[in-house]
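Have the coordinates open while reading.

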Amino acid sequence: SRQRVNDLGAHLGSGWSARYAEADWMGNAVITCLPVIHAVYLELIPSHGPTREWRSAVGCLLSGPDGSTFQFVATHLDHQYERTRIDQFTLLEEGLRENLFAHSGSEDFILAGDLNSLSRTDYSESKWAQITAERKRGFVEPPVSELLDIIHTRGFRDARTEARAAKGSATC
């Protein structure tokens, strides 16, 4: 909740600040010791398609220690339907374009959170088949990687993949 995020920010002491975006089940927060120049709170509610709850995102234009600025966004997308996640990501990009990017002059940002999406390239054939069978038993849509395919075509890089390439193992 917003109160818990604010309490945590206060517990960390001076120089820390918190920004929180409400949502149905759980919101999203950015807690930082860097100066927040501008923050936006976005509701990610698709106008069509299956969804049971609305999600959110919080985006911050931050000032780095060297005076440079960068944008950091935290979100948590739908856990059931890929089509809903794609619609939420589209709303996220539109909301950032309209409300955050104008303050920095850049559309580059760090995206963090739970996208609830799979990347086909992360799994062997046998593991993908296992995931497919588990989802079928649970009456969940088959595994797809459309959202992450879209995100990768936009130039995003996956921190886990980057770490694995650098260290030869996964980060989690």
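Helix α2 covers residues 82-99, which is 18 residues. At 1.5 Å a residue it should span 26 Å, and its end C-alpha atoms lie 25 Å apart, so the two values agree. The model is predicted.

Which residues of α2 are buried? They are E82, T84, R85, I86, D87, Q88, F89, L92, E93, G95 and L96. An α-helix has 3.6 residues a turn, so residues three or four places apart point the same way. The cover over the buried residues of α2 includes the strands β3, β4, β5 and β6, and the helix α4.

Strand β4 (55-63) is part of that cover. Nine of its nine residues are buried, so β4 is largely enclosed by the rest of the structure. Buried here means under 20% relative accessible area. In a regular strand the side chains alternate between the two faces of the sheet. In β4, R55, A57, G59, L61 and S63 point one way. S56, V58, C60 and L62 point the other way, and these too are buried.

| Strand pair | Sense | Bridges |
|---|---|---|
| β3 and β4 | antiparallel | eight bridges |
| β4 and β5 | antiparallel | seven bridges |

R55 has L44 opposite it. G59 has V73 of β5 as its bridge partner.

How many residues lie between the strands in the hairpin of β4 and β5? There are five. In this hairpin G67 takes a positive phi near 90°.

Notes:
Residues numbered from 1 in each chain as written. Predicted model: local features only at pLDDT ≥ 70, side-chain atom pairs only at ≥ 80, totals over all residues. Heavy atoms only, no water. Helix = DSSP H or I, 4+ residues; strand = E, 2+ residues; numbered from the N terminus. Expected span 1.5 Å × (residues − 1). Buried < 20%, exposed > 50% of the residue type's maximum accessible area, 1.4 Å probe, protein only. Contact = heavy atoms within 4.5 Å. Pairing = 2+ DSSP bridges.
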